[in-house]
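Visitor: I would like a close look at one part of this model, namely one of its chains.

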Amino acid sequence: MFWGALLRGLLCPGLACAFLVGLFCRGIGAWLGAHLGRRPAAPVWHPLVEVVHWASKARPQGKQQFLSSAAWPVLLGLAALSWAGGMLPWPVLPWPAFPSFSGDLGVYLLLLAVPPLARLLTASLSNDVLSALGVYRYASLEIGRLLPLWLAVTALALNAHGLGMFIDPPATLWSALVRLAAAGIALVTLPWPLWDRDAHDVPLSALGGRALALFRTMESLELYAHVGLIAAMLRSSALLPAWWMVPLAALLAVWLALAMLEWRGRYLPPVVLLHRYTRWLLPLALLLAVLGWWFS
Amino acid sequence: MARVAEACPRAGGGRGTTAPNDRPVYKAGVTRLGRKRLSERRFHRGGRIAVFVVEGVGCGGCAEEARSALLSRYGAPRRGVVAVDSPAHADALLLCGTMLPPLLQEVQRLAESLSEPWICLRLGDCGVEAGAIFPGHEVTLCGCPPSPEMILESLEQAWNSRPQKGIFGLSALVEEEA
(Lines give C-alpha, C1' and ligand atoms only; values in the text may rest on other atoms or scores of the structure.)
Protein backbone atom coordinates (compact mmCIF):
# COMPACT_ATOMS: atom_id res chain seq x y z
CA MET A 1 0.00 0.00 0.00
CA PHE A 2 2.77 2.38 0.99
CA TRP A 3 4.86 1.56 -2.07
CA GLY A 4 1.84 1.90 -4.33
CA ALA A 5 1.05 5.32 -2.92
CA LEU A 6 4.69 6.35 -3.24
CA LEU A 7 4.77 5.18 -6.86
CA ARG A 8 1.61 7.12 -7.62
CA GLY A 9 3.04 10.21 -6.00
CA LEU A 10 6.29 9.95 -7.93
CA LEU A 11 4.78 9.23 -11.32
CA CYS A 12 1.94 11.66 -11.08
CA PRO A 13 2.69 14.33 -8.49
CA GLY A 14 -0.29 16.46 -7.60
CA LEU A 15 0.89 19.91 -8.49
CA ALA A 16 2.55 19.00 -11.80
CA CYS A 17 -0.49 16.99 -12.80
CA ALA A 18 -2.73 19.92 -11.85
CA PHE A 19 -0.59 22.35 -13.81
CA LEU A 20 -0.63 20.18 -16.93
CA VAL A 21 -4.34 19.37 -16.69
CA GLY A 22 -5.18 23.07 -16.45
CA LEU A 23 -2.90 24.08 -19.32
CA PHE A 24 -4.10 21.33 -21.63
CA CYS A 25 -7.73 22.07 -20.77
CA ARG A 26 -7.17 25.61 -22.01
CA GLY A 27 -5.33 24.39 -25.08
CA ILE A 28 -7.97 21.86 -26.05
CA GLY A 29 -10.77 24.37 -25.49
CA ALA A 30 -9.05 26.98 -27.65
CA TRP A 31 -8.24 24.39 -30.33
CA LEU A 32 -11.83 23.18 -30.51
CA GLY A 33 -13.17 26.74 -30.46
CA ALA A 34 -10.87 27.82 -33.28
CA HIS A 35 -11.94 24.88 -35.42
CA LEU A 36 -15.59 25.57 -34.71
CA GLY A 37 -15.08 29.20 -35.71
CA ARG A 38 -12.95 28.30 -38.76
CA ARG A 39 -10.00 30.26 -37.45
CA PRO A 40 -6.33 29.23 -37.45
CA ALA A 41 -6.01 26.85 -34.53
CA ALA A 42 -2.94 26.85 -32.33
CA PRO A 43 -1.89 23.40 -31.13
CA VAL A 44 -3.23 22.15 -27.81
CA TRP A 45 0.15 22.54 -26.15
CA HIS A 46 0.23 26.27 -27.02
CA PRO A 47 -0.47 27.38 -23.38
CA LEU A 48 2.44 25.25 -22.18
CA VAL A 49 4.76 26.74 -24.81
CA GLU A 50 3.55 30.19 -23.80
CA VAL A 51 4.42 29.60 -20.16
CA VAL A 52 7.86 28.26 -21.13
CA HIS A 53 8.35 31.27 -23.41
CA TRP A 54 7.65 33.74 -20.61
CA ALA A 55 9.59 31.75 -18.05
CA SER A 56 12.65 31.78 -20.31
CA LYS A 57 12.61 35.58 -20.50
CA ALA A 58 14.62 37.71 -18.16
CA ARG A 59 13.26 40.34 -15.85
CA PRO A 60 12.75 43.77 -17.47
CA GLN A 61 15.75 46.02 -17.02
CA GLY A 62 14.03 49.02 -15.53
CA LYS A 63 11.81 47.34 -12.97
CA GLN A 64 12.19 45.20 -9.88
CA GLN A 65 8.50 44.34 -10.07
CA PHE A 66 8.48 40.64 -9.38
CA LEU A 67 10.72 40.68 -6.35
CA SER A 68 8.81 43.50 -4.71
CA SER A 69 5.21 43.91 -3.68
CA ALA A 70 3.69 42.24 -6.71
CA ALA A 71 5.21 38.88 -5.76
CA TRP A 72 3.30 37.92 -2.69
CA PRO A 73 -0.25 37.94 -4.13
CA VAL A 74 0.91 35.55 -6.87
CA LEU A 75 2.57 33.25 -4.40
CA LEU A 76 -0.50 33.44 -2.18
CA GLY A 77 -2.68 32.44 -5.12
CA LEU A 78 -0.40 29.57 -6.06
CA ALA A 79 -0.34 28.28 -2.48
CA ALA A 80 -4.13 28.48 -2.19
CA LEU A 81 -4.67 26.68 -5.46
CA SER A 82 -2.16 23.97 -4.57
CA TRP A 83 -4.07 23.42 -1.36
CA ALA A 84 -7.36 23.29 -3.29
CA GLY A 85 -5.82 20.84 -5.74
CA GLY A 86 -4.75 18.54 -2.93
CA MET A 87 -8.38 18.05 -1.92
CA LEU A 88 -9.41 16.60 -5.26
CA PRO A 89 -9.10 13.16 -6.81
CA TRP A 90 -7.10 14.31 -9.82
CA PRO A 91 -3.57 13.77 -8.49
CA VAL A 92 -4.21 10.02 -8.32
CA LEU A 93 -5.98 9.88 -11.66
CA PRO A 94 -4.04 7.16 -13.53
CA TRP A 95 -4.16 4.52 -10.79
CA PRO A 96 -6.84 5.54 -8.36
CA ALA A 97 -8.16 3.28 -5.65
CA PHE A 98 -11.28 5.46 -5.26
CA PRO A 99 -12.00 9.15 -5.61
CA SER A 100 -11.43 10.94 -2.34
CA PHE A 101 -13.26 14.24 -2.10
CA SER A 102 -11.81 15.29 1.17
CA GLY A 103 -12.28 18.96 1.91
CA ASP A 104 -14.93 21.44 2.67
CA LEU A 105 -17.02 23.22 0.05
CA GLY A 106 -16.83 26.55 1.85
CA VAL A 107 -13.07 26.42 2.15
CA TYR A 108 -12.82 25.32 -1.44
CA LEU A 109 -14.86 28.26 -2.70
CA LEU A 110 -12.78 30.68 -0.68
CA LEU A 111 -9.65 29.18 -2.23
CA LEU A 112 -11.16 29.63 -5.69
CA ALA A 113 -11.70 33.32 -4.91
CA VAL A 114 -8.01 33.84 -4.11
CA PRO A 115 -6.69 34.03 -7.73
CA PRO A 116 -8.95 36.95 -8.73
CA LEU A 117 -7.96 38.62 -5.48
CA ALA A 118 -4.30 38.02 -6.30
CA ARG A 119 -4.76 39.61 -9.72
CA LEU A 120 -6.50 42.62 -8.23
CA LEU A 121 -3.82 43.08 -5.57
CA THR A 122 -1.00 42.73 -8.05
CA ALA A 123 -2.55 45.23 -10.41
CA SER A 124 -3.08 47.67 -7.56
CA LEU A 125 0.46 47.26 -6.26
CA SER A 126 2.18 47.49 -9.62
CA ASN A 127 2.14 51.33 -9.77
CA ASP A 128 0.89 51.15 -13.33
CA VAL A 129 -1.90 53.48 -14.45
CA LEU A 130 -3.33 51.09 -17.02
CA SER A 131 -3.40 48.25 -14.50
CA ALA A 132 -5.11 50.40 -11.91
CA LEU A 133 -7.76 51.45 -14.43
CA GLY A 134 -8.21 47.88 -15.65
CA VAL A 135 -8.84 46.68 -12.11
CA TYR A 136 -12.27 48.31 -11.99
CA ARG A 137 -13.49 46.53 -15.11
CA TYR A 138 -11.91 43.27 -14.10
CA ALA A 139 -13.24 43.38 -10.52
CA SER A 140 -16.85 43.78 -11.62
CA LEU A 141 -16.44 40.96 -14.12
CA GLU A 142 -14.98 38.60 -11.54
CA ILE A 143 -17.63 39.39 -8.93
CA GLY A 144 -20.33 38.87 -11.57
CA ARG A 145 -18.77 35.48 -12.34
CA LEU A 146 -18.23 34.31 -8.77
CA LEU A 147 -21.66 35.21 -7.36
CA PRO A 148 -23.61 32.62 -9.44
CA LEU A 149 -20.94 30.04 -8.65
CA TRP A 150 -21.29 30.64 -4.91
CA LEU A 151 -25.10 30.45 -5.20
CA ALA A 152 -24.85 27.15 -7.09
CA VAL A 153 -22.69 25.70 -4.33
CA THR A 154 -25.18 27.04 -1.80
CA ALA A 155 -27.93 25.17 -3.63
CA LEU A 156 -25.86 22.01 -3.43
CA ALA A 157 -25.15 22.50 0.27
CA LEU A 158 -28.82 23.21 1.05
CA ASN A 159 -29.86 20.11 -0.85
CA ALA A 160 -27.31 17.84 0.80
CA HIS A 161 -27.60 19.39 4.30
CA GLY A 162 -23.86 19.82 4.60
CA LEU A 163 -20.74 21.48 3.31
CA GLY A 164 -18.57 18.40 2.80
CA MET A 165 -17.45 17.55 -0.73
CA PHE A 166 -18.12 13.86 -0.16
CA ILE A 167 -21.88 14.12 -0.52
CA ASP A 168 -24.41 11.32 -0.06
CA PRO A 169 -26.41 10.22 -3.12
CA PRO A 170 -29.60 12.21 -3.71
CA ALA A 171 -32.88 10.89 -2.31
CA THR A 172 -35.06 11.80 -5.31
CA LEU A 173 -34.69 12.43 -9.00
CA TRP A 174 -35.49 16.14 -8.52
CA SER A 175 -32.73 16.39 -5.99
CA ALA A 176 -30.32 14.80 -8.48
CA LEU A 177 -31.42 17.24 -11.17
CA VAL A 178 -30.84 20.22 -8.86
CA ARG A 179 -27.29 19.00 -8.22
CA LEU A 180 -26.74 18.48 -11.93
CA ALA A 181 -27.99 22.02 -12.61
CA ALA A 182 -25.53 23.31 -9.99
CA ALA A 183 -22.77 21.55 -11.91
CA GLY A 184 -24.05 23.26 -15.08
CA ILE A 185 -23.80 26.72 -13.49
CA ALA A 186 -20.31 25.92 -12.26
CA LEU A 187 -19.49 24.95 -15.83
CA VAL A 188 -20.71 28.26 -17.25
CA THR A 189 -18.75 30.24 -14.65
CA LEU A 190 -15.42 28.76 -15.66
CA PRO A 191 -12.48 31.15 -15.16
CA TRP A 192 -13.00 32.91 -18.46
CA PRO A 193 -12.10 35.36 -20.26
CA LEU A 194 -9.11 33.39 -21.36
CA TRP A 195 -5.61 34.23 -22.47
CA ASP A 196 -6.08 36.96 -25.00
CA ARG A 197 -8.95 38.93 -23.55
CA ASP A 198 -8.35 42.61 -22.88
CA ALA A 199 -10.33 42.56 -19.65
CA HIS A 200 -8.18 39.73 -18.39
CA ASP A 201 -4.83 41.08 -19.52
CA VAL A 202 -5.14 44.76 -18.66
CA PRO A 203 -4.74 44.25 -14.89
CA LEU A 204 -1.52 42.41 -15.72
CA SER A 205 -0.28 45.03 -18.19
CA ALA A 206 2.71 45.91 -15.99
CA LEU A 207 3.88 42.32 -15.68
CA GLY A 208 6.18 40.54 -18.11
CA GLY A 209 8.72 37.76 -18.14
CA ARG A 210 8.69 35.25 -15.31
CA ALA A 211 6.03 37.09 -13.32
CA LEU A 212 3.66 36.66 -16.24
CA ALA A 213 4.63 32.98 -16.50
CA LEU A 214 3.74 32.53 -12.82
CA PHE A 215 0.39 34.19 -13.42
CA ARG A 216 -0.32 31.89 -16.34
CA THR A 217 0.54 28.96 -14.11
CA MET A 218 -1.85 30.25 -11.48
CA GLU A 219 -4.58 30.54 -14.10
CA SER A 220 -4.05 26.95 -15.15
CA LEU A 221 -4.23 25.78 -11.54
CA GLU A 222 -7.41 27.79 -11.11
CA LEU A 223 -8.99 26.02 -14.06
CA TYR A 224 -7.84 22.69 -12.67
CA ALA A 225 -9.47 23.42 -9.32
CA HIS A 226 -12.64 24.47 -11.10
CA VAL A 227 -12.72 21.17 -13.02
CA GLY A 228 -12.40 19.38 -9.70
CA LEU A 229 -15.35 21.30 -8.28
CA ILE A 230 -17.47 20.35 -11.29
CA ALA A 231 -16.41 16.73 -10.81
CA ALA A 232 -17.52 16.88 -7.15
CA MET A 233 -20.90 18.28 -8.20
CA LEU A 234 -21.35 15.68 -10.94
CA ARG A 235 -20.49 12.94 -8.49
CA SER A 236 -22.99 14.26 -5.94
CA SER A 237 -25.81 13.90 -8.47
CA ALA A 238 -25.06 10.14 -8.72
CA LEU A 239 -26.40 10.11 -12.28
CA LEU A 240 -23.24 8.53 -13.66
CA PRO A 241 -23.14 4.75 -13.18
CA ALA A 242 -19.40 4.35 -12.52
CA TRP A 243 -17.10 6.56 -10.42
CA TRP A 244 -14.40 6.67 -13.07
CA MET A 245 -16.82 8.37 -15.43
CA VAL A 246 -16.96 11.40 -13.11
CA PRO A 247 -13.56 12.98 -13.84
CA LEU A 248 -13.86 12.03 -17.49
CA ALA A 249 -17.30 13.63 -17.80
CA ALA A 250 -16.03 16.74 -15.98
CA LEU A 251 -13.07 17.04 -18.33
CA LEU A 252 -15.19 16.57 -21.46
CA ALA A 253 -17.75 19.07 -20.22
CA VAL A 254 -15.05 21.66 -19.49
CA TRP A 255 -13.44 21.19 -22.92
CA LEU A 256 -16.80 21.66 -24.62
CA ALA A 257 -17.75 24.66 -22.49
CA LEU A 258 -14.40 26.35 -23.14
CA ALA A 259 -14.72 25.64 -26.85
CA MET A 260 -18.21 27.10 -27.00
CA LEU A 261 -17.13 30.19 -25.05
CA GLU A 262 -14.10 30.61 -27.29
CA TRP A 263 -16.20 30.15 -30.41
CA ARG A 264 -19.31 32.19 -29.61
CA GLY A 265 -18.11 34.58 -26.95
CA ARG A 266 -14.75 35.59 -28.33
CA TYR A 267 -15.86 39.03 -29.39
CA LEU A 268 -18.11 39.78 -26.43
CA PRO A 269 -17.19 43.05 -24.75
CA PRO A 270 -16.79 42.81 -20.96
CA VAL A 271 -19.96 44.85 -20.37
CA VAL A 272 -22.09 42.38 -22.32
CA LEU A 273 -20.41 39.52 -20.50
CA LEU A 274 -21.13 41.16 -17.15
CA HIS A 275 -24.78 41.59 -18.10
CA ARG A 276 -25.00 37.92 -18.98
CA TYR A 277 -23.57 36.95 -15.62
CA THR A 278 -25.73 39.29 -13.55
CA ARG A 279 -29.01 39.48 -15.50
CA TRP A 280 -29.35 35.86 -16.52
CA LEU A 281 -27.09 33.57 -14.58
CA LEU A 282 -27.48 35.17 -11.16
CA PRO A 283 -31.33 34.92 -11.01
CA LEU A 284 -31.06 31.39 -12.35
CA ALA A 285 -28.62 30.46 -9.60
CA LEU A 286 -30.87 32.10 -7.00
CA LEU A 287 -33.81 30.06 -8.25
CA LEU A 288 -31.66 26.96 -8.08
CA ALA A 289 -30.77 27.70 -4.45
CA VAL A 290 -34.48 27.93 -3.60
CA LEU A 291 -35.18 24.69 -5.46
CA GLY A 292 -32.25 22.99 -3.71
CA TRP A 293 -33.72 23.92 -0.34
CA TRP A 294 -37.23 22.92 -1.49
CA PHE A 295 -36.24 19.45 -2.70
CA SER A 296 -33.91 18.70 0.18
CA MET B 1 22.17 43.10 -36.32
CA ALA B 2 22.17 43.43 -40.06
CA ARG B 3 19.72 45.48 -41.94
CA VAL B 4 17.09 43.20 -43.33
CA ALA B 5 15.51 45.46 -45.89
CA GLU B 6 17.74 44.16 -48.66
CA ALA B 7 17.06 40.58 -47.69
CA CYS B 8 13.32 40.99 -47.78
CA PRO B 9 11.63 39.51 -50.82
CA ARG B 10 9.42 41.83 -52.74
CA ALA B 11 5.69 41.44 -52.30
CA GLY B 12 4.59 38.31 -54.08
CA GLY B 13 8.17 37.32 -54.69
CA GLY B 14 7.48 33.82 -55.83
CA ARG B 15 6.69 31.88 -52.64
CA GLY B 16 3.27 30.29 -52.83
CA THR B 17 0.46 31.26 -55.07
CA THR B 18 0.02 34.87 -56.11
CA ALA B 19 -3.08 36.93 -56.58
CA PRO B 20 -3.68 39.16 -59.63
CA ASN B 21 -2.59 42.16 -57.57
CA ASP B 22 0.79 40.49 -57.08
CA ARG B 23 0.26 39.72 -53.41
CA PRO B 24 0.68 36.26 -51.88
CA VAL B 25 -2.47 34.41 -50.92
CA TYR B 26 -2.60 32.84 -47.48
CA LYS B 27 -5.20 30.17 -47.71
CA ALA B 28 -5.57 27.30 -45.25
CA GLY B 29 -1.86 27.28 -44.51
CA VAL B 30 -1.05 25.44 -47.69
CA THR B 31 0.99 26.59 -50.67
CA ARG B 32 0.51 25.55 -54.26
CA LEU B 33 2.72 22.53 -53.63
CA GLY B 34 0.58 21.47 -50.69
CA ARG B 35 3.21 22.06 -48.00
CA LYS B 36 2.91 24.30 -45.02
CA ARG B 37 4.84 27.54 -45.24
CA LEU B 38 8.07 27.59 -43.32
CA SER B 39 7.01 30.73 -41.51
CA GLU B 40 3.84 29.04 -40.34
CA ARG B 41 5.68 26.25 -38.57
CA ARG B 42 6.28 28.46 -35.55
CA PHE B 43 2.54 28.79 -35.08
CA HIS B 44 1.96 25.07 -35.57
CA ARG B 45 4.54 24.36 -32.89
CA GLY B 46 2.77 26.63 -30.48
CA GLY B 47 5.10 29.65 -30.59
CA ARG B 48 4.21 33.22 -31.38
CA ILE B 49 5.61 36.73 -31.64
CA ALA B 50 3.78 39.37 -29.64
CA VAL B 51 4.02 42.83 -31.21
CA PHE B 52 3.44 46.30 -29.76
CA VAL B 53 3.02 49.13 -32.27
CA VAL B 54 4.23 52.68 -31.48
CA GLU B 55 3.13 55.42 -33.83
CA GLY B 56 5.60 58.29 -34.21
CA VAL B 57 5.41 61.60 -36.00
CA GLY B 58 4.87 61.59 -39.73
CA CYS B 59 2.25 60.88 -42.33
CA GLY B 60 0.96 57.79 -40.51
CA GLY B 61 1.45 55.53 -43.50
CA CYS B 62 3.84 53.20 -41.71
CA ALA B 63 1.52 52.81 -38.73
CA GLU B 64 -1.35 52.02 -41.04
CA GLU B 65 0.70 49.40 -42.88
CA ALA B 66 1.95 47.96 -39.58
CA ARG B 67 -1.58 47.55 -38.30
CA SER B 68 -2.62 46.06 -41.64
CA ALA B 69 0.24 43.58 -41.37
CA LEU B 70 -1.24 42.26 -38.13
CA LEU B 71 -4.55 41.41 -39.80
CA SER B 72 -5.47 37.96 -41.02
CA ARG B 73 -5.51 39.23 -44.64
CA TYR B 74 -1.73 38.90 -44.66
CA GLY B 75 -1.64 35.71 -42.62
CA ALA B 76 -0.33 37.19 -39.37
CA PRO B 77 -2.40 34.96 -37.04
CA ARG B 78 -1.41 31.93 -39.08
CA ARG B 79 2.25 32.86 -38.74
CA GLY B 80 1.86 33.34 -34.99
CA VAL B 81 2.26 37.12 -35.07
CA VAL B 82 -0.20 38.83 -32.72
CA ALA B 83 -0.69 42.37 -31.44
CA VAL B 84 -0.72 42.99 -27.70
CA ASP B 85 -1.92 45.98 -25.70
CA SER B 86 0.95 46.20 -23.25
CA PRO B 87 4.68 46.54 -23.96
CA ALA B 88 5.38 44.21 -21.03
CA HIS B 89 3.63 41.41 -22.94
CA ALA B 90 5.49 42.14 -26.19
CA ASP B 91 8.41 40.41 -27.88
CA ALA B 92 8.82 43.05 -30.55
CA LEU B 93 8.37 46.81 -30.84
CA LEU B 94 7.27 48.26 -34.16
CA LEU B 95 8.34 51.90 -34.28
CA CYS B 96 6.61 53.80 -37.07
CA GLY B 97 7.77 57.17 -38.35
CA THR B 98 10.04 59.75 -36.76
CA MET B 99 10.65 59.71 -33.02
CA LEU B 100 11.00 63.33 -31.86
CA PRO B 101 12.81 63.94 -28.53
CA PRO B 102 9.75 64.07 -26.23
CA LEU B 103 8.37 60.91 -27.78
CA LEU B 104 11.80 59.33 -27.76
CA GLN B 105 11.99 59.62 -23.98
CA GLU B 106 8.65 57.86 -23.66
CA VAL B 107 9.72 55.11 -26.03
CA GLN B 108 12.91 54.54 -24.05
CA ARG B 109 10.88 54.37 -20.84
CA LEU B 110 8.52 51.95 -22.54
CA ALA B 111 11.40 49.75 -23.69
CA GLU B 112 12.47 49.34 -20.07
CA SER B 113 9.36 47.27 -19.42
CA LEU B 114 10.21 44.76 -22.16
CA SER B 115 11.75 41.49 -21.03
CA GLU B 116 14.86 40.13 -22.71
CA PRO B 117 15.10 38.96 -25.45
CA TRP B 118 13.21 41.51 -27.50
CA ILE B 119 13.60 43.15 -30.88
CA CYS B 120 12.71 46.53 -32.34
CA LEU B 121 11.69 47.00 -35.96
CA ARG B 122 11.87 50.57 -37.23
CA LEU B 123 9.67 51.26 -40.20
CA GLY B 124 9.86 53.90 -42.89
CA ASP B 125 12.48 56.07 -44.53
CA CYS B 126 11.90 59.06 -42.22
CA GLY B 127 12.51 57.02 -39.10
CA VAL B 128 15.65 55.40 -40.45
CA GLU B 129 17.38 58.71 -41.16
CA ALA B 130 17.47 59.68 -37.48
CA GLY B 131 19.76 56.80 -36.50
CA ALA B 132 19.41 53.85 -34.16
CA ILE B 133 17.62 54.18 -30.82
CA PHE B 134 18.23 50.66 -29.47
CA PRO B 135 21.52 49.56 -31.08
CA GLY B 136 21.58 45.97 -29.84
CA HIS B 137 17.98 45.21 -30.65
CA GLU B 138 17.11 47.31 -33.64
CA VAL B 139 16.44 46.34 -37.24
CA THR B 140 15.40 48.90 -39.82
CA LEU B 141 13.08 48.46 -42.75
CA CYS B 142 13.12 51.07 -45.48
CA GLY B 143 10.16 52.03 -47.61
CA CYS B 144 7.62 54.81 -47.67
CA PRO B 145 5.71 53.00 -46.40
CA PRO B 146 6.91 49.37 -46.45
CA SER B 147 4.28 46.85 -47.45
CA PRO B 148 2.64 44.58 -44.86
CA GLU B 149 4.29 41.50 -46.43
CA MET B 150 7.72 43.07 -46.02
CA ILE B 151 6.94 44.01 -42.45
CA LEU B 152 5.95 40.45 -41.61
CA GLU B 153 8.96 38.94 -43.37
CA SER B 154 11.37 41.36 -41.70
CA LEU B 155 9.79 40.78 -38.32
CA GLU B 156 10.21 37.03 -38.62
CA GLN B 157 13.78 37.31 -39.89
CA ALA B 158 14.72 39.67 -37.10
CA TRP B 159 13.10 37.45 -34.48
CA ASN B 160 14.82 34.33 -35.80
CA SER B 161 18.20 36.04 -35.82
CA ARG B 162 17.86 37.72 -32.42
CA PRO B 163 21.13 37.67 -30.49
CA GLN B 164 19.85 36.21 -27.24
CA LYS B 165 17.53 33.21 -27.39
CA GLY B 166 16.17 33.35 -23.85
CA ILE B 167 17.61 32.17 -20.55
CA PHE B 168 16.73 28.51 -20.87
CA GLY B 169 16.65 28.48 -24.67
CA LEU B 170 13.54 26.29 -24.57
CA SER B 171 11.26 28.70 -26.39
CA ALA B 172 13.87 29.12 -29.11
CA LEU B 173 13.89 25.34 -29.60
CA VAL B 174 10.16 25.40 -30.17
CA GLU B 175 10.18 28.36 -32.48
CA GLU B 176 13.29 27.62 -34.47
CA GLU B 177 12.48 27.15 -38.10
CA ALA B 178 13.85 24.47 -40.33
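Visitor: What is the accessible surface of chain B, and what share of it belongs to carbon and sulfur atoms?

Guide: This is a predicted model, in which local features need pLDDT of at least 70, side-chain atom pairs count only at pLDDT 80 or more, and totals for chains, interfaces and linings use all residues. Residues are numbered from 1 along each chain as its sequence is written, and chains are lettered from A in the order in which they are written. Chain B has an accessible surface (Shrake-Rupley, 1.4 Å probe) of about 8100 Å², and 55% of that belongs to carbon and sulfur atoms. Of its 178 residues, 53% are buried (under 20% relative accessible area).

Seven helices and five strands make up the elements of chain B (DSSP runs of at least four residues for H or I, at least two for E). Their order from the N terminus is α-β-α-α-β-β-α-β-α-β-α-α. Among contacts (heavy atoms within 4.5 Å) with a separation of 6 or more, 69% join residues 24 or more positions apart.

Helix α2 (residues 61-69) of chain B gives the most to its lining, three residues. The second largest cavity has about 40 Å³, and α2 and α5 (125-128) of chain B each give two or more residues to its lining.

Note on methods: Heavy atoms only, no water. Buried < 20%, exposed > 50% of the residue type's maximum accessible area, 1.4 Å probe, protein only. 1 Å grid on protein atoms, 1.4 Å probe; cavity = no way out; pocket = protein on both sides within 12 Å on 5 of 7 lines; lining within 4 Å. Points joined across faces, edges and corners; volume = space filled by probe spheres on them.
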